[in-house]
Each structure stands twice: as C-alpha cells, then as structure tokens.
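Welcome! Here is a short tour of how two parts of one protein chain meet. Have a look at the model first, then read on.

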Amino acid sequence: MTSTKLCRVVVLISGGGTNLQALIDAQQTGELPVQLAAVISNRPGVKGLQRAADAGIPHGILDHKAYASREHFDEALIQLIDSHKPDLVVLAGFMRILTPAFTGHYLGRMLNIHPSLLPKYQGLHTHQRAIDAGDSCHGVTVHFVTAELDGGPAVVQAKVNILAEDTADTLAQRVQAQEHIIYPLAVKWFAKGDLLMENGLSLLNGELLPHCGHLIDHSG
Ligand code: GRF
C-alpha cells in the first residue's frame, strides 16, 4: 500500500489571522491538501490563535518581548517551528523583521504575503502610499522569503483598481479579498510540488515565473 504524505505547513501570525482562516477554510473543504501542523504567534491574545484553536490546530505563543535580541528570538523560533517538522513555513501577517539566519534556514520553503504590487511599496502603510502616489491600481503579492525585506521572488500577484473614492480602509478590504484567494493557491502549488525557488527565482511547473509572479489581473 502506498500513502501520500501531506505537506506539513506551519503558519506564523501576529494578529487577526484572516489569511490563516482562508488556509483553514481551503484545507477543510479539501481544496488545499495540506496538514496545518501548527500556528505560532509572537503576540499573545490575538484572534488568529482562537481561529487555530477552533480548527483544532496545535498553536502556541513565542513572545518576542521575552528575548534580549532579535537573534535570540529567531533562534528560539526556529527551534519551535522545527519541532513541528514543517515542509513549508507560511508568514500570514507575521509582523517581524527576520534575521538572515532565520531566512537562510527556511530558504525556498517559506512564503510571505505582502499587500502591494511588489517591488512597489515594500514595508508598511502600502494602501495609503499607493493612494497618495496617485496610482491607478494596487494589489497583493505572495513571494518566497529571502534576506531582503519583502524582496524575494514573486509567486503570484493579484491586481485591483484604485477607485476615486477609495480610502486606505476600503482599498485594503478589496485587496484582502484577493489575499484570501491567492495565498491558498500559492500554498497548494507548493504542496503539490509544482512551485519551487531555484537560484533566487520562482518556477511553476518547471517554467520561470515572470518578475511579478503569476498575475491575476482584476484591473483595467
Ligand atoms: C495582510 O494584509 C497581509 O497582506 C499582511 O498582513 C495582513 C495580515 O492580515 N502581510 P491577517 O492577519 O491575515 O488578517
């Protein structure tokens, strides 16, 4: 008898966990054939931890405030993550700058979601920055994580129009709806073995992805 081992995914969060919920929902409907092995938050009391509990996923807190340095925290985090034997680490609103030791340890097996059309608007306040710049469109990118903040090779990008009446909040809501579609999709590709990072580039089904990743374009 042969059995297929499910891809083990550890999800890191710092907050509400709507992207985590999208992964849980996709896993529960059978759309996303992975094992959500653990959810780890660096902040106590966040809603994402309750989502993990409700779904029966092992979950824990590693509070960065208890560590003297970024390096010490990241070392402890590696130990905790690796105790769950992940094939893939998914950053889902994990609000920490990562050390090169951490990103190097998970190189090619860690994804992040960033609410902009990378390489535009790395860092924070992306929705307001896109509005202030007078951009006509905005969006979200899933990318492999490298040592450069929000800088690793893109996997998939969803693009939406910026409307004249948009505020940062209304724009964020439309972008988040896309986040909840493209993150399960990217995780599914990885879990199936269709997606990988090689020589700093993303490949899907053996083909190099364009600089923006696979584009889902709702603009225009
Ligand atoms: C999302 O907007 C994501 O793009 C960014 O952090 C936010 C997390 O939201 N990296 P949630 O915790 O998944 O609701």
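**Where the two domains meet**

Glu31 and Lys188 are joined by a salt bridge, with their closest N and O atoms 3.6 Å apart. Keep in mind that this is a predicted model. The chain is split into domain 1, residues 1-106, and domain 2, residues 114-220.

**Polar and charged links**
- Between domain 1 and domain 2, the count is one salt bridge.
- Five residue pairs are in polar contact between domain 1 and domain 2, counting pairs with both residues at pLDDT 80 or more.

**What domain 1 brings to the meeting**
- Strand S1 (7-13), helix H1 (18-28) and strand S4 (88-91) each provide at least two residues of the side of domain 1 that touches domain 2.
- With five residues, H1 gives the most to this side of domain 1.
- Sorted by type, the residues on the side of domain 1 that touches domain 2 are 14 nonpolar, three polar and two charged.

**How much the domains share**
- The centres of domain 1 and domain 2, taken over C-alpha atoms, lie 20 Å apart.
- In total, 19 residues of domain 1 are in contact with 13 residues of domain 2.
- The size of an interface is often given as the accessible area lost when the parts come together.
- Between domain 1 and domain 2, the buried area is about 1,400 Å², and carbon and sulfur atoms give 73% of that area.
- Asn19, Leu88 and Thr103 are the residues of domain 1 that lose the most area to domain 2, together 29% of what that side buries.

Technical notes: Residues are numbered from 1 along each chain as its sequence is written. This is a predicted model: local features need pLDDT of at least 70, side-chain atom pairs count only at pLDDT 80 or more; totals for chains, interfaces and linings use all residues. Side-chain values use heavy atoms; hydrogens and water are left out. Domain bounds come from an automatic or database domain assignment. Contact means heavy atoms within 4.5 Å. Buried area is the accessible area (1.4 Å probe) that two parts lose on being put together, summed over both. A salt bridge is a side-chain nitrogen of Lys or Arg within 4 Å of a carboxyl oxygen of Asp or Glu. A polar contact is a pair of N or O atoms within 3.5 Å; within protein, one must be able to donate a hydrogen and the other to accept it, and residues adjacent in sequence count only if both atoms are side-chain atoms. Helices (H or I, at least four residues) and strands (E, at least two) are DSSP runs, numbered from the N terminus. Ala, Val, Leu, Ile, Met, Phe, Trp, Tyr, Cys and Pro count as nonpolar, Asp, Glu, Lys and Arg as charged, and the others, Gly among them, as polar.
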